[in-house]
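Here is a short report on one protein chain. Keep the sequence and the 3D view open as you read.

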Amino acid sequence: MSKKIRIGIIFGGQSTEHEVSIQSAKNVYEALDKAIYDPVLIGISKKGKWLTLDNKAFQQVAMKSYSALPDKVQSSHTLPQESLASEKLDVVFPVLHGMYGEDGTVQGLLKLMGIPFIGADVLGSAVGMDKDVMKRLLRDAGIPIVIFLVFQKKDEGKMSFTKVKKKLGLPFFVKPANAGSSIGVSKVSKESEFRQAINEAFKHDRKVLIEQGIPAREIECSVLGNDDKVASIPGEIIPTHEFYDYDAKYIDENGAHLVIPAELTNDQTRLIKELAIKACEVLCVDGMARVDFFLDRETGRIYLNEVNTIPGFTNISMYPKLWEASGVSYPQLIDKLIQLALERANK
């Protein structure tokens with residue numbers, strides 16, 4: 001009998017997406033074939049404490065819908081980051097959404113330790129996290145994006161609704177440059193909403209992005225692979241909220257309808273898949289990514305919104321759902337991601 005692959009699943013973290021990460025990790029853990037894989041559950045509390053949990057302790061945390069990991073859990077022990085190598089892991093799946101996990105920090109730690117990991121490398125993770133840098137690179141590569149402005153915290157007092165409106169029109173969206181799951185994002189349709197939106201975005205980052213709002217359909221496409229990337233069939237998100245915010249994604253069970261496959265022409269489907277793969281290549285993103293698009297209802301133009309280097313793996317997450325609709329089951333998807341991580345490490 002061949003030796004089991006020892007896989008570390010790192011979840012939780014210090015970002016605002018901590019609770020979502022726990023639910024993603026739960027799904028990943030359950031999808032693993034325990035005859036092939038020996039999972040090691042590694043949680044990071046919101047205060048940054050690392051813990052290894054046995055299955056019972058993990059289930060106690062994960063069964064509570066969108067709850068946080070406490071600093072102390074029964075049937076667990078503290079694991080200093082520098083002792084991670086002592087777990088003798090063959091590969092790690094950092095199921096960490098947002099800052100301090102999806103932004104290259106954990107990827108750098110794992111790379112220093114020589115531990116293979118799933119998803120984008122350090123550079124791709126960092127670029128994929130910063131929407132400002134990401135969009136500038138996409139724009140320079142000729143990939144269509146909506147018009148945007150960027151402001152630093154030091155510029156907060158100079159930010160003018162009138163000037164932003166003149167440049168972008170109404171409505172526009174205000175968002176932190178480094179955050180995910182639509183956290184800190186506000187839609188601004190009138191001047192009275194502007195200052196509150198700015199204040200909310202600056203709670204989460206020192207750099208804020210303001211984007212032109214367009215009457216768009218929201219299309220998503222999943223990408224898989226290292227050198228030879230492939231794209232899934234696209235799907236559509238139809239929010240029941242004003243836009244696809246955090247509550248619509250994770251809290252309200254009826255917050256959005258998923259249409260898979262999206263109702264697109266053959267040319268639209270082909271272009272979205274091509275742009276998804278090209279964006280990952282431009283941003284140096286390997287392994288996996290969910291690429292989000294806007295399809296303008298009035299002009300029919302397609303714009304790339306953003307690339308997510310560690311997409312959600314919850315029960316309602318689009319990344320695995322799109323692959324399932326493309327013929328790759330959830331367990332098969334996890335197997336493939338592990339193979340891609342080991343393949344990259346062995347080059």
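Start with Val127, which lies in helix α4, residues 122-129. Keep in mind that this is a predicted model. Is Val127 buried or exposed? Its relative accessibility is 10%, so Val127 counts as buried, the cut-off being under 20%. Leaving aside neighbours within four places in sequence, Val127 is in contact with Val133, Met134, Leu137 and Leu283. Val127 and Cys284 are 157 residues apart along the chain, yet their C-alpha atoms are separated by 8.3 Å.

Now turn to Gln14. Gln14 sits in the loop between β1 (5-12) and α1 (18-31). Its relative accessible area is 41%, so Gln14 is partly exposed. Not counting residues up to four places away in sequence, Gln14 touches Ser45, Lys46, Lys47, Gly48 and Tyr100. The C-alpha atoms of Gln14 and Met318 are separated by 23 Å, and the two residues are 304 apart along the chain.

The table sets out the two C-alpha pairs.

| Pair | Separation along the chain | C-alpha distance |
|---|---|---|
| Val127 and Cys284 | 157 residues | 8.3 Å |
| Gln14 and Met318 | 304 residues | 23 Å |

Next comes a sheet. What is the order of its 4 strands? The order is β6-β9-β7-β8; the sheet is open and the pairing is antiparallel. β6 (148-152) and β8 (186-188) stand at the edges. Each has a single partner strand, so one side of each is left without a neighbour in the sheet. Neighbouring strands here are turned by 25° against each other on average, direction ignored.

β6 and β9 (residues 207-212) pair in the antiparallel sense over 5 bridges. Gln152 has Lys207 in β9 as its bridge partner.

Which strands does helix α5 touch? Helix α5 (residues 131-140) packs on the sheet and touches β6, β7 (172-176) and β9. The direction of α5 makes about 45° with that of β9. Helix α6 (residues 161-168) also packs on the sheet, touching β6, β7, β8 and β9. The direction of α6 makes about 155° with that of β6.

Finish with Asp205, in the loop between α7 (194-202) and β9. Asp205 is buried yet has no salt bridge. The nearest side chain of opposite charge is Lys207, 6.4 Å away. A salt bridge would need the charged atoms within 4 Å. The side chain of Asp205 does reach the backbone nitrogen of Asn178, at 2.9 Å. Not counting residues up to four places away in sequence, Asp205 touches Pro176, Ala177 and Asn178.

How values were computed
Residues are numbered from 1 along each chain as its sequence is written. This is a predicted model: local features need pLDDT of at least 70, side-chain atom pairs count only at pLDDT 80 or more; totals for chains, interfaces and linings use all residues. Side-chain values use heavy atoms; hydrogens and water are left out. Two strands pair if DSSP finds at least two bridges between them. Helices (H or I, at least four residues) and strands (E, at least two) are DSSP runs, numbered from the N terminus. Axes are lines fitted to C-alpha atoms, for helices over the stretch in contact, and angles run from 0 to 180 degrees between N-to-C directions. Contact means heavy atoms within 4.5 Å. Buried means under 20% relative accessible area, exposed over 50%, partly exposed in between (1.4 Å probe, protein chains only). Lys and Arg count as positive and Asp and Glu as negative; His and the chain ends are not counted. A polar contact is a pair of N or O atoms within 3.5 Å; within protein, one must be able to donate a hydrogen and the other to accept it, and residues adjacent in sequence count only if both atoms are side-chain atoms.
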